[in-house]
Amino acid sequence: MSVAIEFDPIRLPPEAEALRVEVRAFLKEEMAAGTFDPQAGRKGNDDFSRKVGAKGWIGITWPKKYGGQERSFLERYVINEEFLFARAPTRKHFTADRQSGPVLLKYASEEIKQDILPRITRGEVSFCIGMSEPDSGSDLFAAKTKAERTDDGWLINGRKLWTSLAHESDYMIGLFRTSAPTQENRRHGLSQFLVDLKTPGISTRPVLHPTGNHEFNEVIFDDVLLPHDNLLGEADMAWKQATSELAYERSGSERFLETSQVLFELVDFIGENPDVREAEGLGRLVAQLHTLRRMSISVAGMLHAGKEPVLEASVVKDLGTVWEQALPSVARDLSAFVDRDPGNRMRFEEILAHNITIAPKLTIQGGTTEVLRGIVARGLGLR
Amino acid sequence: MDDAQSLVSDAASRIFRDLGDPQTINNAVDDSWRAPLWSALEEAGLTTAWVADELGGAGAGIGAGFAVLRVAGEFAAPLPLAETLLAGWLLGMADIVLPGGAMSVAPTRRGDTLTLGADGKLSGTARAVSFAAEVGHLAVLAQGGGGAVVALVEVVDCHCRDGRNIAGEVQNVVDFSGVTPVQWAALPDGIDVGTLLLMGAAARSMQMAGALQTVLEIAVRYAEERVAFGKPIGKFQAVQHNLARLGEEAAAAIAIANSTAYTIEHMDGWDGNGVFLDVASAKIRVGEAAGQGGAIGHQAFGAIGFTQEHILHRFVQRLWAWRDDFDSEAVWAVELGRRVAAKGGEGLWHSLTAA
């Protein structure tokens, strides 16, 4: 048997391409109406998320009874990549749509599903992911924040750190320790919970990026009481549940398009008559991006077919994030001799500067390079 | 791969396992392995997969031909299999019946222009024609008075300058001056040297993807078996991460090569931008993977892999030679980059999503 990791050629179906036309028209209208400014970054925008919800484009793959459209994962793919290219302000609904909603769909009680999922699809509520802690980043299974079962509910104590967007989220899907790891399985003993961030005893504190940007937070849990019903899935078994989430989290376009504005701006900045060096640089970047997109769509096809392509998703994320991380520096080199309108240069350099400073986080968030290569090595049979 | 392609792929694998094992060929003191292997491939119709039955081919189809090329890459096949497939495909475009036997094609580089004069004689020189001096015929894409033509040429009529690629395979500069083709015919509108380079680059990309797959396989197997510092070297994280990178490069190469073959198999014509984007991306990205992947493969094997007796060089040297055929990554990148620049940033996004 071959150890090679295969990505079958998948093409987006006609219904997905038809949707692309609709999405582009919508984005054009919203930009023209001033709902958002593509240059403002992917900030939260309540109004925008509600409009996207009204279109039926949040939770589009979910069952209709929870507000979804029961459309395909490949259609979701198109919406996601068009929003990323347009730099649409999806921050409010992005995490809930990609990952938290599907977790609830799979593991939450009927009551919670009926309460929360339709609100996600309307673009009304936002989610964050409470995994990392001061002593537990890549090593997720070292998490210490405790959830103790009491008669009144689950009592949570501890703190989460580097939690993206906790300060503007309504809910968190948190990973808490419900019992000690066992001798045989150090991953045992963690459970997933739905946390309403307005619950008494929760406080958040900003932890700024080196750019001064507020995305990270510390979230402190001080005798926080969660209803029994908020345990998602089986107690102590989060390690099994979390695995299927990873394929969704790691294979999407956001794993290689995060800094792509630099490439599209670079093309315009260089202009219609590149010299040989510029042309070669652009050609290589486009070839690499096209290959990543083909691979990412192939994984979307696997998800669509009901598979759990965790290994393939890890390959996409490692190749994709390394690529998008290098992109600003490559573009910086390629743009060195472009010297036309100084106004253009200033604009391009602002975009470059922003992306150069955010680049280091890309190979950390959602699974570090080192963790991903460990998964790939295991897939090759080496671990 | 559909069932028919799997069947062809399995047949090719069986023949190479039996008659074209890389270690056996590497150990061989002469090339007595060559004739039986080539005959078996010919008898199975694998050398003419891209030629219709009525023109003397096996009529197996585009996808099947690419499946054969991947297997040929997996075995680092040191034979003009890809070249014969390509020559047959080109002759078939002009409805020329196969002459039989091994063939190659020209030109293989942008800028090499061959001409068919009013006197019925060819002129011009083609660089880097693989296996030219070892095959019977060449399928030559030339510019005739009324447009592009395919000329079938006997190698004995041409002047082949001695040369080899870095894998030691025959690769000649061929001078066609004064050569009268055995036969020639016009190509359909829209088929020109650019088309031949696209098909050739797609073929080489698939061979490279296959070779990378084998480099990955033998490197992983070796890392599991070779013990150093008291444990298999594959247990060391540094080695694991290198091999993971090799696995990812091989995955990217296989993905884009397969995707390109799929595009060529299903497209309506050669004039679309989609096929150019796929082929250029494949030749560039697979070429890059070949560069990095070959180096990681050697690193995993250490000194053992850097010897004549080990098979690793058969794969790595071909990977590095094939990068140059039908134009290198750099040449394709310049061409792709110019097209991208002409369309602007938003045009780029539209091209990517339309492909």
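**View 1. Strand β5 of chain A sits largely enclosed by the rest of the structure, because six of its seven residues (190-196) are buried.** Buried here means that 20 or more other C-beta atoms, placed from the backbone, lie within 10 Å of a residue's own. Strands are DSSP runs of E with at least two residues, helices are runs of H or I with at least four, and both are numbered from the N terminus. This is a predicted model, where local features need pLDDT of at least 70, side-chain atom pairs count only at pLDDT 80 or more, and totals for chains, interfaces and linings use all residues. Residues are numbered from 1 along each chain as its sequence is written, and chains are lettered from A and ligands numbered from 1 in the order in which they are written.

**View 2. β5(A) has partners in β4(A) and β8(A).** Strands pair if DSSP finds at least two bridges between them. Strand β4 (171-177) runs antiparallel to β5(A), with seven bridges; look for A:Tyr171 with its bridge partner A:Asp196. With β8(A) (231-232), the pairing is antiparallel over two bridges, and A:Gln192 stands opposite A:Leu232.

**View 3. Over in chain B, helices α6 (193-225) and α8 (273-305) pack with their axes 9 Å apart.** Their angle is about 25 degrees, with axes fitted to C-alpha atoms over the stretch in contact and angles running from 0 to 180 degrees between N-to-C directions. That makes α6(B) roughly parallel to α8(B), a label for angles under 35 degrees.

**View 4. Chains A and B meet through 45 residues each.** Contact means C-beta atoms, placed from the backbone, within 7 Å. On chain B's side, α10(B) gives the largest share, 17 residues.

Key: Parallel < 35°, antiparallel > 145°, perpendicular 65-115°, else oblique. Contact = placed C-beta atoms within 7 Å. Buried ≥ 20, exposed ≤ 12 C-beta atoms within 10 Å, placed from the backbone.
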